[in-house]
Amino acid sequence: MRISCVFIVGSLALSIGLCKPVFSEETANWKENFKLGGFSSAGIIINRDESPEAAINEVSLLLTWANDSRLSFFSELELERPLSWGDEEKFSRKEGRLDLERLYFDYNISEKINFRAGRFLTPNSRWNLLRAPPLVWTSSRPLATSRLFPTRTDGLMLHGAIPFKNSAFEYKLFAELLEDQEQENNELEFEHVRGARFSLKNESDLGMSLVSFEESGVNGGSFRMLGLDYLTHIKGIEVSAEGFQRFNTDNKDGGSGAYVQTAVPLNSVGFHDWYWITRLETFQRPNEGSFERWLLGATWRIKPTQLLKLEFIGGSGDQPESPRGFTASFALFF
Amino acid sequence: MHSLTIIILTLSIMASFSAIAHERQPIIAVVVDAKENLTELKFTNNELRLIYWRKQLYWPMGRRIKPINLTAEHPLRSQFTQAVLGSLPKMQIDYWNGLYFDGISPPHSVNSEEAVIRFITQTDGAIGYINACKIDNRVKPLA
């Protein structure tokens, strides 16, 4: 909570310091430059080993501000699990919590260089950067994209896009300045995060990330991580894959993980806007052993901004973040 | 032999229609306000792609770029997005949803080329595209 306050106070200070004073006749424009949107998802999980549960998983608000200056602002405020139904067989709001997922200012230095300050999603994985439920084909997230590296960073970033042949070369260089002091119960703790991501957007998307960080806890240590990600379309079939390899600076086991996923349109068999989803995952963390997961599912794109997802997950080993069983969910942007 | 002649004739007719259709495709001009200083706005085709993908948000002098699109159903939009972005609007849903998640909206769209011209003349930093035959003294094409 303290870190959220620091950002909110910092945001206000920056707004006042960097923006010209708002006079009465400019008040309308000032307000018009804000845009509010968001997304939400709800679903049920029927675990193989536990009792079924249902929940509104999140309601997230996206607030942006941009006028004709070089400065812009973005924030994502998430209400996690505002309503859930589980063991006690009744609806409950006690799991609900408010979380400031992102809050940053972007300042344009030149057309190819932008400076970002605040809390942002750590740019070391394609899935992590596009993790909103209406953007991904499945309700569950590959383990490799959530338990090997910090998913968000409080700090600074330089980023931009440069034309390269017939594609766009994008870069992001980032470093942590403040530690996240608001940890959830089972959340992994990382610090001294810094790294880079380079990606090439063409008919296929290719990304590479290099990150170094320290992890706290019994499996902790200093790590360097290489991540590679790829997305392409072959005859309408979306194929995506990511792989991560961590290297412990003490030459101990660092951990690794990868997944490959396909989304096959089912239009040709009469199911318009339905996609057949297949995913294979592997994941390994020091002293935790290795896990495999397979996923089979079907996703219906009801509208461009709405997805209905049905999936079965199986595999080896228990991981609370990737329960085996059946999951159904609905996600939308609003 | 008779069927082979019919096939060849059919293909010739289809090819002719295709050639005519191709010839009739309008020439697209990328335009800005007639009062703009063009030396400030020089860019390559690849940079135009970045502008319409909303990856490049600022002109060199720090003004915000405001690209304007025609609606997805407009034939000139299809021609432009195929040529510049390499895909049809329907294939870009995932991309724009991804940008929305980062607070970036796709270019604003309007119904007609006249509306494009009016938007450009009334909006600082705007850029758009129209049929080259419809250029008048309110806008000027970029080289």
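Predicted model: local features only at pLDDT ≥ 70, side-chain atom pairs only at ≥ 80, totals over all residues.
Lys66(B) has Ala126(B) as its bridge partner in strand E4 of chain B. Strands E2(B) and E4(B) are joined by 2 bridges and run parallel. In general, the strands of a sheet pair through backbone hydrogen bonds, in either a parallel or an antiparallel manner.

Let us step back and look at the sheet of chain B. Five strands make up this open sheet, in the order E3-E2-E4-E1-E5, and the pairing is mixed. Which strands stand at the edges? They are E3 (108-110) and E5 (139-141) of chain B, and each has a single partner strand, so one side of each is left without a neighbour in the sheet. On average, neighbouring strands of this sheet are turned by 40° against each other, direction ignored. Helix H5(B) lies across E1, E2, E3, E4 and E5 of chain B, and runs at about 155° to E4(B).

Now for the nonpolar residues. The largest nonpolar core has 22 residues, and Val31(B), Val32(B), Val116(B) and Ile120(B) are those with the most contacts inside it. The elements of chain B that give two or more residues to this core are strand E1 (28-33), H2, strand E2 (66-70), helix H5 (113-122) and strand E4 (126-131). Take Val31(B) as an example: leaving aside its neighbours within four places in sequence, its contacts include Ile120(B), Tyr129(B), Ile130(B), Val139(B) and Leu142(B). A second, separate core has 14 residues, among them Leu143(A), Val211(A), Met225(A) and Phe283(A).

One more stop in chain B is Thr44(B), found in the loop between E1 and H2 of that chain. Is Thr44(B) buried or exposed? Thr44(B) is exposed, because it has 9 other C-beta atoms within 10 Å, and a residue counts as exposed at 12 or fewer. From the C-alpha atom of Thr44(B) to that of Pro107(B) is 19 Å, and the two residues are 63 residues apart along the chain.

How many helices and strands does the secondary structure of chain A come to? There are 3 helices and 17 strands. Among the contacts in chain A with a separation of 6 or more, 52% are between residues 24 or more positions apart.

Strand E15 (residues 289-303) and strand E16 (residues 306-316) of chain A pair in the antiparallel sense over 11 bridges, and a hairpin of 2 residues joins E15(A) to E16(A). Within this pair, Arg293(A) stands opposite Gly315(A) in E16(A). E16(A) is also joined by 8 bridges to strand E17 (residues 325-333) of chain A, again running antiparallel. Here Phe312(A) has Phe326(A), in E17(A), as its bridge partner.

Finally, look at where the chains meet. The contact takes 23 residues from chain B and 21 residues from chain A. On the side of chain B that touches chain A, the elements giving two or more residues are helix H2 (45-52) and helix H4 (93-101) of chain B. H4(B) gives the largest share of that side, 5 residues. By class, this side of chain B has 9 nonpolar, 8 polar and 6 charged residues.

Note on methods:
Residues numbered from 1 in each chain as written. Chains lettered and ligands numbered in written order. Helix = DSSP H or I, 4+ residues; strand = E, 2+ residues; numbered from the N terminus. Contact = placed C-beta atoms within 7 Å. Nonpolar A, V, L, I, M, F, W, Y, C, P; charged D, E, K, R; others polar. Pairing = 2+ DSSP bridges. Core = buried A, V, L, I, M, F, W, Y, C linked by C-beta atoms within 7 Å. Buried ≥ 20, exposed ≤ 12 C-beta atoms within 10 Å, placed from the backbone. Axes fitted to C-alpha atoms, helices over the stretch in contact; angles between N-to-C directions.
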